[in-house]
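I opened my notebook and looked a few things up.

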Amino acid sequence: MGTVVVPCISTPMKGLFKSKPRTPVELVHHLRHLLPFTAVNPDLRKSKRREKICELRKVILEMRTVLYGDERLEPAEEACVKLTQEFFKGDTCRMLIASLPDLDPGIRQDVTHVIANLLKQRVNGRSIASEYLECNTTLLTIMLPGYILESDHIKIFFRYIQDPSFDIASDATSTFRELLTRHKSTVAEFLTKNYDWFFQEYKSLLESPNYISRRNAVKLLGTMLLDRSNTSVMVRYVSSLDNMRIFMNLLRDSNKTIQLEAFHVFKLFAANQRKPIEIVKVLVANRSKLIRFFSDFTFEKVDENFESDKAEVVKQIATLELKDQPSSTLKQCEEIAS
């Protein structure tokens, strides 16, 4: 049975009196009390379940107001801290996430915003959420089918990242980055085991018509490849002519930020001391064009290493040698790169 949208209707008597706002701790306690009523239960009257779900909706909205504020007030740090501490005590977080399939889309969206905010909250410099999740790793499999790397469902992130809804795409991108950068040894093992399908899917992000998806994908890939834990993956990636072609195109992207992030990946192709012959051929065939391109490849604000990195790339390309290659082969390489 699918989820049913539950209309919340206030009765006249309930509207006569305004209840005192609950404290953050009270909100979590009441939420915990209501969660068992979300699942369909033949022993529970439908009207009773609707009533409890309406109460839960109100509690979630109150929690969202505490965390995000409203048109009148900014969120109070002390209230956010208390809410975060209480939420990650006991099993409230697990119960709420497990109940998501039983809630209608409107409530699920509000719950997602609340949980996303709580995950980012810090208490005395500590991430309470991270500590909680480290002790409850199985919870990640409930939060979203495939939330952890071992699950095939990670593939759905490639779709969500390019979703037309900015909120969905943004949340998916943030989670995707967290999954692929947090636990380095696990990520390295995952990328090694799933290299072929993962980078084939990743190509769709690098060539996405949405510049935000493209920008985030290029930046994340650079972060992954430059991490020492992923050295073997990086060497394999930069040994692919198809991958280099993608980044030669990204260097000419209309967005300057993408150009710069693309350069940080392209320099790995140039620095590879064991370039496959097909990559050497393309670089040699396009040597003059590349050197001219990099002479004009400048940015207003870059880190202090950019110019030295660019000079090294130019040097690597300028000193490449390809002996006894017929001119027809070089011509074909120019066409491949264009």
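How many contacts beyond four places in sequence does the model have for residues 332-338, where pLDDT stays under 50? I found 15 such contacts for residues 332-338; a contact means heavy atoms within 4.5 Å, and pLDDT is the predictor's confidence in each residue, from 0 to 100.

**Entry: ground rules.** I noted that this is a predicted model, in which local features need pLDDT of at least 70, side-chain atom pairs count only at pLDDT 80 or more, and totals for chains, interfaces and linings use all residues. Residues are numbered from 1 along each chain as its sequence is written, and side-chain values use heavy atoms, with hydrogens and water left out.

**Entry: confidence.** I looked up the average pLDDT of the protein and got 85, with 85% of the residues scoring at least 70. I then checked residues 10-16: pLDDT stays under 50 there too, and the model has zero contacts beyond four places in sequence for them.

**Entry: the whole protein.** I counted 19 helices and zero strands; these are DSSP runs numbered from the N terminus, helices being H or I with at least four residues and strands E with at least two. Of the 338 residues, 43% are buried (buried means under 20% relative accessible area, exposed over 50%, partly exposed in between, with a 1.4 Å probe and protein chains only).

**Entry: α2 and α3.** I found helix α2 (residues 46-68) packing with helix α3 (residues 77-87) at an angle of about 130 degrees, their axes 8 Å apart. Axes are lines fitted to C-alpha atoms, for helices over the stretch in contact, and angles run from 0 to 180 degrees between N-to-C directions. Which residues meet here? Met63, Val66 and Leu67 in α2 meet Ala79, Cys80, Leu83 and Phe87 in α3.

**Entry: Asn124.** I found Asn124 in the loop between α5 (105-120) and α6 (128-135). Its phi is near 55 degrees, a positive value in a residue other than glycine. Most residues other than glycine have a negative phi. Asn124 counts as exposed because its relative accessibility is 76%.

**Entry: Leu133.** Is Leu133 buried or exposed? Leu133, in helix α6, has 17% relative accessibility, so Leu133 counts as buried. From Leu133 to Leu119 I read 9.7 Å, C-alpha to C-alpha, with the two 14 residues apart in sequence.
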